[in-house]
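Here is a short briefing on one protein and its ligand. Start with the model itself, then read the points below by topic.

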Amino acid sequence: MTKEMSYSRIGTVICEQDTPSVMLFSFVVETEESLISARRGEFVSVAAEEGVVIARISDLIRTNRYYQHAEAVREYQSRGEPLRSIFPTDRWQYTIAHAQVLGFWVDDKALRPYFAVSPGASVHRVDDDILSAFLHLDNQGPKLGILAHHELEFTPSIDRLLSKHLAILAMSGAGKSYFVSVLLEELLARTKENGRMAVVVVDVHGEYSYLKDIAPMDLGVDSDTFEIEYIRGSHFQVAVRSLSAEAIGSLVADMSSIQVRDLKRIISKMSAQMKHGFTLNDIIDYVRMDETISKNTREALVGWLINLEETGLFGKESIPDISKTIQPGKLTLIDLSDFISLRKKQIVVSHLVNELLFLRRRGEIPPFLLILEEAHQFCPESRHELALPKTRIETMAREGRKFHALLCLISQRPVKLSTTVLSQCSNQAILRTTNPYDLDHIGRSSEGIDKAALDAITTLEVGEALFVGEVVSVPAFVKIRKRKYEPKDTVQSLLDALRKADKKA
Ligand SMILES: Nc1ncnc2c1ncn2[C@@H]1O[C@H](COP(=O)(O)OP(=O)(O)O)[C@@H](O)[C@H]1O
Ligand SMILES: [Mg+2]
């Protein structure tokens, strides 16, 4: 045995109840003084003739035969002589680790487990190269952080991470947006040769607006690596001529089919006459002038159109022009933090999702990633909530990945997120979540999560994530790395805010 091997040995397999079995084994942990040498969640390996068995420590149990008999312990206790003052109890303390087998590594390939490890076999830390290959990591992939309990950099392959939709779920303050910032840094830093992605962020709280100042230099890449376009919600505009009568109908509560038909006739007449586009006010004028529409329909249509016009979201031209804005290596930030009205946010998202999917289907824009914060507000599970973009997001979730129209949905209330959409997110990054309803929902919606992983989610620290799905072969805990580029004016503490306010007064 080499010196290195003996250093990395952390225990010896024992016979216990029904183990070692194909899926489970236990081992006595080698102790080095008070050092804890094995941790729950850590990957371990056992070398066998057929190949390497890769397992994960699911639990650790400490035991000591001096304390196995309650009566004896009580007896010495009542005499005021602790056991350890009489017997060498410390020497008899040891730790048993339970490990769950994840797979066999044979000839650089992962196989399903099909034999049990031998009692007496040595348990080692997994070699980093094997672990990296076993988890499908890719040294060209985005550097998202460090694998928990290991020194291994977590660099999933971009293909596995983003060729399917991604959901980022956790309670508020767990580090979802921070993780998105890290992901954005990695996507922006990609070179042409590696393949650059077009990214659109719908920034509901203005948390990402700091990125408008980021320069390629800040990320240590060439100056032509990426570009950023920042659009304020108040500048966002939907071209009225791009809207069908049905699309307008879907933006207002319940337009009847007769009303839609009348509107359709008017719009097609206007499209033929007004080649340079028109506004909602133009449509209102046409509706008012049209004698063939019944008075009731006319009044209803005018009312709805005025209501839409008042949002200030509609005009002659589209701003931005999605067909030109979406480019490889470009981040389009749409800052909706000025909007208080949820309906306005929903109109923007609804239009955006529709346009992106339409243009991508026709090959007019490159593959893109649409990042949507507060996803439960835009595609809720409940039918009672008004959600204009819901069906469109569901369509993108179902059909988008075939042509690389990809979604990254973020939510702090997974239980409120449409299950149709959530079940289409083949990759999930789950950060700290304690709400039992949310946990239950997460457990049911992702196949990869077992009870042990679900329990661990409640104990995660801020900035720690559990990755499940296509991206990794088995659920993996990751400490998300620090951002390279920090916002200049981070949220100040309450105390700082109070002091500042007092100074002004
Ligand atoms: N990976 C991380 N490294 C360091 N600090 C982090 C990390 N993730 C989160 N934080 C800290 O936690 C705070 C809250 O994170 P945030 O991403 O805003 O939470 P969420 O979006 O889930 O509500 C951040 O402002 C940051 O200070
Ligand atoms: Mg957030």
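Val-200 sits opposite Leu-370 of strand E16. That pair belongs to a parallel pairing of strand E11 (residues 198-203) with E16, built on five bridges. The model is predicted.

- E16 covers residues 368-372, and five of its five residues are buried.

**Strand E1 and its partners**

- Strand E1 (residues 9-14) runs antiparallel to strand E7 (residues 122-125), and three bridges join them.
- Arg-9 is placed opposite His-124 of E7.
- E1 also pairs with strand E2 (residues 24-29). The sense is antiparallel, and the bridges number four.
- Gly-11 has Val-29 of E2 as its bridge partner.

**Helices H12 and H14**

- Helix H12 (residues 342-361) packs with helix H14 (residues 390-399) at an angle of about 35°. Their axes are 9 Å apart.
- The crossing of H12 past H14 is left-handed.
- H12 brings Ser-350, Val-353, Asn-354 and Leu-357 to the contact. H14 brings Arg-392, Ile-393, Thr-395 and Met-396.
- By class, the contact residues are four nonpolar, three polar and one charged.

**Arg-398**

- Arg-398 is located in helix H14.
- Why is Arg-398 classed as partly exposed? It has 14 other C-beta atoms within 10 Å, and partly exposed applies between 12 or fewer (exposed) and 20 or more (buried).
- Val-421 is 23 residues from Arg-398 along the chain, yet their C-alpha atoms are separated by 7.6 Å.

**Ligand 1**

- Which residues surround ligand 1? The shell holds Ala-170, Ser-172, Gly-173, Ala-174, Gly-175, Lys-176, Ser-177, Tyr-178, Val-462, Gly-463, Ile-480 and Lys-482.
- Helix H6 (residues 176-188) gives the largest share of the shell, with three residues.
- The shell around ligand 1 is made up of five nonpolar, five polar and two charged residues.

**Overall figures**

- The protein has 18 helices and 20 strands.
- Its C-alpha trace spans about 105 × 55 × 50 Å along the principal axes.
- Of the 505 residues in the protein, 38% are buried.
- Among contacts with a separation of 6 or more, 72% join residues 24 or more positions apart.

Note on methods. Residues numbered from 1 in each chain as written. Chains lettered and ligands numbered in written order. Predicted model: local features only at pLDDT ≥ 70, side-chain atom pairs only at ≥ 80, totals over all residues. Near = placed C-beta within 6 Å. Helix = DSSP H or I, 4+ residues; strand = E, 2+ residues; numbered from the N terminus. Nonpolar A, V, L, I, M, F, W, Y, C, P; charged D, E, K, R; others polar. Axes fitted to C-alpha atoms, helices over the stretch in contact; angles between N-to-C directions. Left-handed = near helix turned anticlockwise from the far one by under 90°. Contact = placed C-beta atoms within 7 Å. Pairing = 2+ DSSP bridges.
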